[in-house]
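Subject: Structure handover and notes

Dear colleague,

Please find the structure below, followed by my notes on it.

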Amino acid sequence: MTSPPRLLTAVTLFLATALYGTTPAHADDDPNDPPGTEPSASAPVEVDPNDPDLKLPDGATLAQAKVLDIKSVVEEQSGDERREDTNTSVTLALQAEVLFGKDSSKLGAEAKSRIRGIADEIRTQNATRVRVFGFTDDLGSSAHGDALSKRRANAVHDVLSQSLNDAGITYEVRGYGEQYPIADNSTEAGRKKNRRVEVSFPRTEP
């Protein structure tokens, strides 16, 4: 006989899959977390735990319903730029090589043009909160990576804030160094993906 906890999990998973057809959203928001970890919006549907059609065993209850994010990830063939869209936010990641010279935080003219393009989208989305996070690979010391990633995030923030020129926008700028890799640091191709600056902001609510 199936125990109540397993049945409860199966019923909850079935409901989430039937309603939204995707995987659960990320964990709760934390100021120390990288982009894309914001909680989902509140659930638009109420589920009656006493509905006889759910056939829950005596004493069992349904978990609280939640909206599950639908995520779309598009990466340029060159890998220079990566875009992640969910139903609540947009994250744009640019490889460090596209923006900076080796071990540098100085932006060239082409890099500034790309960042101004991101500023245009932030303006279109009417975003009032923007996160700019820098990341490195795991080569060199952790302290050096932390400092370099922060300088690079600051450089991107400076161009964004000048382009947007909007006192109503709040920025969060952080350098995470080698934390939160998105690829394998054991290969140069992976390390190249990990050396990046991510800009994220909320989508306009429909």
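Helices (H or I, at least four residues) and strands (E, at least two) are DSSP runs, numbered from the N terminus. By that scheme, Ser 141 falls in the loop between strand 4 and helix 4. This is a predicted model, in which local features need pLDDT of at least 70 and side-chain atom pairs count only at pLDDT 80 or more, while totals for chains, interfaces and linings use all residues. Residues are numbered from 1 along each chain as its sequence is written, and side-chain values use heavy atoms, with hydrogens and water left out.

Overall layout

The chain has 5 helices and 6 strands, and from the N terminus on the elements run α-β-β-β-α-α-β-α-β-α-β. Of its 206 residues, 36% count as buried (buried means under 20% relative accessible area, exposed over 50%, partly exposed in between, with a 1.4 Å probe and protein chains only). Taking contact as heavy atoms within 4.5 Å, 68% of the contacts between residues at least 6 apart in sequence join residues at least 24 apart.

Ser 141 itself counts as partly exposed, because its relative accessibility is 43%. Ser 141 and Gly 177 are 36 residues apart in sequence, yet their C-alpha atoms are 9.5 Å apart in space.

Aromatic pairs

Rings of Phe, Tyr and Trp (its six-membered ring) pair if their centres lie within 6.5 Å; planes under 30 degrees apart count as stacked, over 60 as edge-to-face and the rest as tilted. The structure holds 3 such pairs. The rings of Phe 133 and Tyr 176 have centres 5.1 Å apart and planes at 75°, so this pair is edge-to-face. Phe 133 is in strand 4 (residues 129-135) and Tyr 176 in the loop between strand 5 (170-175) and helix 5 (188-194), so the pair ties together parts 43 residues apart in sequence. Phe 135 and Tyr 176 have ring centres 5.6 Å apart and planes at 15°, so that pair is stacked. Ring pairs link Phe 133, Phe 135, Tyr 176 and Tyr 180 into a cluster.

Phe 135 counts as buried because its relative accessibility is 1%; Tyr 176, at 5%, also counts as buried. The charged end of Arg 196 sits over the ring of Phe 135, 3.9 Å from its centre (the criterion is NZ of Lys or CZ of Arg within 6 Å of the ring centre and within 35 degrees of the ring normal).

In helix 3, Ala 111, Ile 115, Ile 118, Ala 119, Glu 121 and Ile 122 are buried. These residues cover an arc of only 160° around the axis, which puts them on the same side of helix 3 (the arc is that of the directions from the helix axis to the C-beta atoms). On the other side of helix 3, Ala 109, Glu 110 and Thr 124 are exposed. Just after helix 3, Asn 126 takes a positive phi of about 55°.

A nonpolar core is a set of buried Ala, Val, Leu, Ile, Met, Phe, Trp, Tyr and Cys residues joined through side-chain atoms within 4.5 Å. The largest one has 26 residues, and those with the most contacts inside it include Leu 99, Val 156 and Leu 160. Helix 4 gives the most to this core, with 6 residues. Leaving out residues up to four places away in sequence, Leu 160 touches Ile 115, Ile 118, Ala 119, Ile 122, Val 130, Val 132, Tyr 171 and Val 199.

Regards
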